[in-house]
Each structure stands twice: as C-alpha cells, then as structure tokens.
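Please read it with the structure open.

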Amino acid sequence: MFTQICLWLTVIGGLNWGLVGFLDFNLVSFLFGDMTILTRTVYALVGLSAIWIAWDTIRENYLP
C-alpha cells in the first residue's frame with residue numbers, strides 16, 4: 001500500500017514536471033501558491049516517494 005501511494009505521488013510529480021517543461025505551467029504552485037509551506041511539502045513528498053520507488057525497484061530486481 002505504501003509503495004502504491006509513493007508510485008502515485010511520483011507519477012503526479014512527473015506529470016507536473018511535464019506541464020512545466022511543455023507548457024511552462026506549474027500546477028502545484030497554481031493550486032497551493034508559489035513556494036508556500038504546502039507547496040514545499042508536496043515537492044518534498046514527491047521527492048521522497050521517488051527515492052522509495054527507486055530503492056524498492058533496486059531491492060526487488062537487483063539485490064539477492
């Protein structure tokens with residue numbers, strides 16, 4: 001369950017970066033304000049989720 005939540009947060013973060021790259025539109029800042037505590041929390045959770053997904057993938061596929 002935890003990994004699924006992390007996966008969804010990582011996907012949402014990736015979609016937001018896609019919007020920034022292609023359309024110069026930051027959905028997180030639009031919804032929560034420019035670098036408010038809530039915006040920074042969302043960014044931090046997405047980053048931690050990406051670390052967890054990377055670790056979980058490495059652990060399952062490459063470690064004995």
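1. Aromatic pairs. Rings of Phe, Tyr and Trp (its six-membered ring) pair if their centres lie within 6.5 Å; planes under 30 degrees apart count as stacked, over 60 as edge-to-face and the rest as tilted. By this rule there are 2 aromatic pairs. Phe 2 and Trp 52 make an edge-to-face pair, with 5.4 Å centre to centre and 75° between the planes. Phe 2 sits in helix α1 and Trp 52 in helix α3, so this pair ties together parts that are 50 residues apart in sequence. Phe 25 and Phe 30 have ring centres 5.3 Å apart and planes at 55°, so their pair is tilted.

2. Basis of the model. This is a predicted model: local features need pLDDT of at least 70, side-chain atom pairs count only at pLDDT 80 or more, and totals for chains, interfaces and linings use all residues. Residues are numbered from 1 along each chain as its sequence is written, and side-chain values use heavy atoms, with hydrogens and water left out.

3. Overall fold. The protein chain has 3 helices and 0 strands. Both kinds of element are DSSP runs, numbered from the N terminus: helices are H or I with at least four residues, strands are E with at least two. Along the sequence the pattern reads α-α-α.

4. Overall dimensions. The C-alpha atoms fill a box of roughly 45 × 25 × 15 Å along the principal axes. The radius of gyration is 14 Å, whereas a compact globule of 64 residues would have one near 11 Å. That radius is taken over C-alpha atoms, and the globule rule is 2.2 Å times the number of residues to the power 0.38.

5. Of the 64 residues, 16% count as buried. Buried means under 20% relative accessible area, exposed over 50%, and partly exposed in between (1.4 Å probe, protein chains only). Among contacts with a separation of 6 or more, 47% come from residues 24 or more positions apart. A contact means heavy atoms within 4.5 Å.

6. Surface. The accessible surface of the protein chain comes to about 5,100 Å², and 74% of it belongs to carbon and sulfur atoms. These areas come from the Shrake-Rupley method with a 1.4 Å probe; for residues, only the protein chains shown count as cover.

7. Nonpolar patch. Which residues form a nonpolar patch on the surface? They are Phe 22, Leu 23, Phe 25, Leu 27, Phe 30, Leu 31, Phe 32, Ile 37 and Leu 38, with about 1,000 Å² of accessible area together. Patches are made of residues with over 30% relative accessible area and no salt bridge: like charges are joined within 9 Å, nonpolar side chains (Val, Leu, Ile, Met, Phe, Trp, Tyr) within 5 Å. Helices α1 (2–23), α2 (27–32) and α3 (37–62) each supply at least two residues. The largest share, 4 residues, comes from α2.

8. Ile 37 lies in helix α3 and is exposed at 69% relative accessible area. Phe 30 is exposed at 59%. Phe 25 is partly exposed at 32%.

9. Salt bridge. The count is 1 salt bridge, defined as a side-chain nitrogen of Lys or Arg within 4 Å of a carboxyl oxygen of Asp or Glu. Arg 59 and Asp 56 form it, at 2.2 Å from N to O. The two are 3 residues apart in helix α3, which means a separation of about one helical turn. Arg 59 is partly exposed at 38%, but Asp 56 is buried at 8%.
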